[in-house]
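Hi! Here is the structure I promised to pass on. Have a look at it first, and then read my notes below.

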Amino acid sequence: MKQKMNLKSGMFNGLPAYACALLLLAAGLVLSVLYAVTVGSAELSVGEVYRVILYELFRWGDPEQLGSGAVHDIVWLIRLPRVVLAVLVGMGLSVVGAVMQAIVKNPLADPYVLGISSGASLGATLTLLLGAGLFGAAGVGLGAFIGALAAAFSVIAIAGIGGRITSVKLILAGVALSSLCSAFSNLIVYVADDPSRFMTVQFWLMGSLAGAQWSGNFRIMCVVLPCTLFFISQARILNLMLMGDDTAVTLGTDLQPYRRVYLVIASLMVGFVVHVSGVIGFVGLIIPHMTRKLADNDYRKLLPFCFLGGSVLMVWADLAARLVNQPYETPVGLITSVLGVPVFLWMIRKEKNR
């Protein structure tokens, strides 16, 4: 029986077109993860890789052969945590990008473009310098969250000076704040005169998933997943933000309290993502833009597309970072920037014409 697509009703064999697209995207994510974990500098067969994973997940196989050794460590302690971290980072950045675009009612908004990622990087660097590492990784994550939150409110405040917030004012404020945060981060390294701290700041500025560990992945998962589910539950309010404050007031909803809460939660997500992966740009810009037509600009559909699409993009971007310059590794932030800058410039031109 032939499957037919009814373009007018958007149905595919009785299923909505967006539901079919979601299923395809979910299948793409699964296949991407399954492939990415088999690729690396060490030449391992597919059978070796999946025997280790099946042993760790279900205890299938010989513990003496699969529970330890070089193959076990490469697969279970290096490759798989890195792929899982790519999924979580892509999910977090793309969802935050979509939410930020609703908050400021601007399709050019993104944690990287608005300087929020750089603010998180500065906060984490300050935390290390001032000794808040006493609280462990959670202390650095808290510093990154505070930096991201301060940057988010600062950009919106600066862009609002002298009247209505516009795309150009948001971009200029974000670029200025990002440069300022990067300058302060470099100043901190210069004053500290510590080569190890210099490497740490470079890690945050360029972005990398090489330091992925199961413990760090668990912390990020405990932040990204609940926050993503929260934003999905807030799809109606996010849709109202796109319609504007005047329309929302006529419907009996004051959007200002929601904006503050959403900014805090979005900054929390960005802070913890930057803490483990560094500054990775344009993911929150590319994915919402690519999926808006599929979702009809409805956040009930858009956010699921975003967290799946962002995860797929980050898995492949990290794969490219590992393979493009073997045996050396290319910072994944450079890969996403190469992809994101043309999209960003095209969107600026589109907004200007509009």
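What pLDDT does the chain average, and what percentage of the residues score at least 70? The average is 83, and 88% of the residues reach at least 70; pLDDT is the predictor's confidence in each residue, from 0 to 100. Residues 1-9 fall below 50, and beyond near neighbours in sequence this stretch has 10 contacts in the model (contact means heavy atoms within 4.5 Å). Where pLDDT is low, the predicted coordinates should not be read in detail.

Some ground rules: this is a predicted model, where local features need pLDDT of at least 70, side-chain atom pairs count only at pLDDT 80 or more, and totals for chains, interfaces and linings use all residues. Residues are numbered from 1 along each chain as its sequence is written, and side-chain values use heavy atoms, with hydrogens and water left out.

Now the rings. There are 8 aromatic pairs (rings of Phe, Tyr and Trp, its six-membered ring, with centres within 6.5 Å; planes under 30 degrees apart are stacked, over 60 edge-to-face, the rest tilted). Tyr112 and Phe282 make a tilted pair, because their planes sit at 55 degrees, with the centres 5.1 Å apart. Phe282 is buried at 7% relative accessible area, while Tyr112 is partly exposed at 28% (buried is under 20%, exposed over 50%, partly exposed in between, with a 1.4 Å probe and protein chains only). Elsewhere, ring pairs join Phe230, Phe231, Tyr258 and Tyr262 into a cluster.

Enjoy exploring!
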